[in-house]
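This report looks at how charged and aromatic side chains pair with one another.

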Amino acid sequence: MKSSSLRTPLLCLGLLSLAACGKGKDQGPPQMPPPEVGVVKVQPQTEPLHKSLVGRLSPYRSADVRARVSGLLLKRAYTEGSDVKQGQLMFQIDPAPYKAALNANLAVLASAQATYANAHVVAERDRALAPKGYISRAQLDADEAAERSAAASVKQAEADVQSARVNLSYTDVVSPIDGRSGQQQVTEGAIVGNGTADSGASSTLLTTVDQLDPLYVNFTMSVSDLDQLRRAQTAGNVTLTEQNKATVAVTLPDGSVYGQQGTLDFSDAAVNPATGAVNLRAKLPNPDRTLLPGQYVTINANLGEQHNVFLVPQAALLRDTAGAYTMVVGADGKVVRKNVTADDTSGSNWVVTSGLHAGDQVIVSGLQRVKEGAPAKASPWQPDQAAPGAAKPGAAQGAGKPANGQ
């Protein structure tokens, strides 16, 4: 009887313990709280429209210094690489043959003038005698014809003298513009030629002179980019600056920013068939002559303003095979992926032109802990702020040390 009375309480205790175990299995492990993330609430705004392009510098003016008459090159009268003024003597070609030609033409002119003087005296006398019948009309006509021929010969001789003076002046080769002189192409003692005279088709190149202040920055923009800007302007999303007001900032090859800004002064009306792009040009001040023609530089062209764009910190923009995207904490507290268009930057931010809406909470810090569709706890993000919930530097090390420091 005792054994049956003891068996009943033990059975009840076993059943209670099994019920308790089953109840614990149904509850499962405790739920983790949603991760904390730092977010920025974006709003549409207006930003400058910048385009980063590569340009090449070229002289504002470049002039070839060529031989305009043939002869022996006697001397170079300038220092290579120095600044020269317009009209400054640079080379001298042997003037002796041209002086002789000028003297010969002067002699021909003197002879023609003497011939005209004699013919004029005879014609004047005949014009006085003809009315009195002392000479025939035929004689008067012949003498006046001789006078006119002599006058024409004088004109011809005067033109030959002028041409000889011009050729003699060309023996002094001067700079056509103000600028910096180039390297001498022909040495003293060489025979230089004018080819086809002033056309310069085969004339000898002696040197070049380049005007270095200001300089031109030549660059190109693809037709697709231009069409996109024009469509955006038509839609009201972009306001383009007038050509002579658009500015250009230059970054030098060493990464430094040039201290002077340029101004866009030319946009070609046709597409270059070789590149499929439109040629553009800006004028850039170069008062210290620190920039040289031929340099490649990076330019940041300010072409106008973009409207209704969003500035997103660079850390918030991600990219994969599908393109650029951001992670956003939605109104329901869950993480949503939003594909965006972001081709330009402004300072430390990406300029997002599509894909976001006003008031979106874009995740900047804590991205590695979130998952699309999962909840997240949003808190305002500040630059240089650690991710919410992250351990402070050194905290983990301090936690692992014993109280006695051993």
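A salt bridge is counted here where a side-chain nitrogen of Lys or Arg lies within 4 Å of a carboxyl oxygen of Asp or Glu. In this structure, which is a predicted model, a search of the whole finds 11 salt bridges. Three of them are set out below.

| Salt bridge | N to O distance |
|---|---|
| R137 and D141 | 3.6 Å |
| D265 and R281 | 3.3 Å |
| D360 and K338 | 2.8 Å |

R137 is exposed, with a relative accessible area of 58%, whereas D141, at 36%, is partly exposed.

The salt bridge between D265 and R281 links distant parts of the chain, since D265 lies in strand β12 (residues 262-272) and R281 in strand β13 (residues 277-284), 16 residues apart. D265 is partly exposed at 27% relative accessibility, and R281 is partly exposed at 23%.

The side chains of D360 and K338 also meet in a salt bridge, and this pair again links distant parts of the chain: D360 is in the loop between β19 (349-354) and β20 (361-365), while K338 is in strand β17 (residues 335-339), 22 residues away. D360 has a relative accessible area of 11%, under the 20% cut-off, and therefore counts as buried.

Turning to the rings, the count comes to 2 aromatic pairs. In one of them, the ring centres of Y60 and Y216 are 5.1 Å apart and the planes stand at 45 degrees, so this pair is tilted. Because Y60 lies in strand β2 (residues 45-66) and Y216 in strand β9 (residues 205-222), the pair ties together parts that are 156 residues apart in sequence. Y60 is partly exposed at 29% relative accessibility, but Y216, at 12%, is buried.

The rings of Y78 and F91 have their centres 5.5 Å apart and their planes at 75 degrees, so the pair is edge-to-face. Y78 is in the loop between β3 (71-76) and β4 (83-84), and F91 is in strand β5 (residues 89-93), so parts 13 residues apart in sequence are tied together. Both Y78 and F91 are buried.

Charges also sit over rings. The charged end of R76 is placed over the ring of Y78, 5.7 Å from its centre, and R319 lies over the face of W350, at 5.0 Å from the ring centre.

Methods
Residues numbered from 1 in each chain as written. Predicted model: local features only at pLDDT ≥ 70, side-chain atom pairs only at ≥ 80, totals over all residues. Heavy atoms only, no water. Buried < 20%, exposed > 50% of the residue type's maximum accessible area, 1.4 Å probe, protein only. Helix = DSSP H or I, 4+ residues; strand = E, 2+ residues; numbered from the N terminus. Phe/Tyr/Trp six-rings, centres within 6.5 Å; stacked < 30°, edge-to-face > 60°. Lys NZ or Arg CZ within 6 Å of the ring centre and 35° of its normal.
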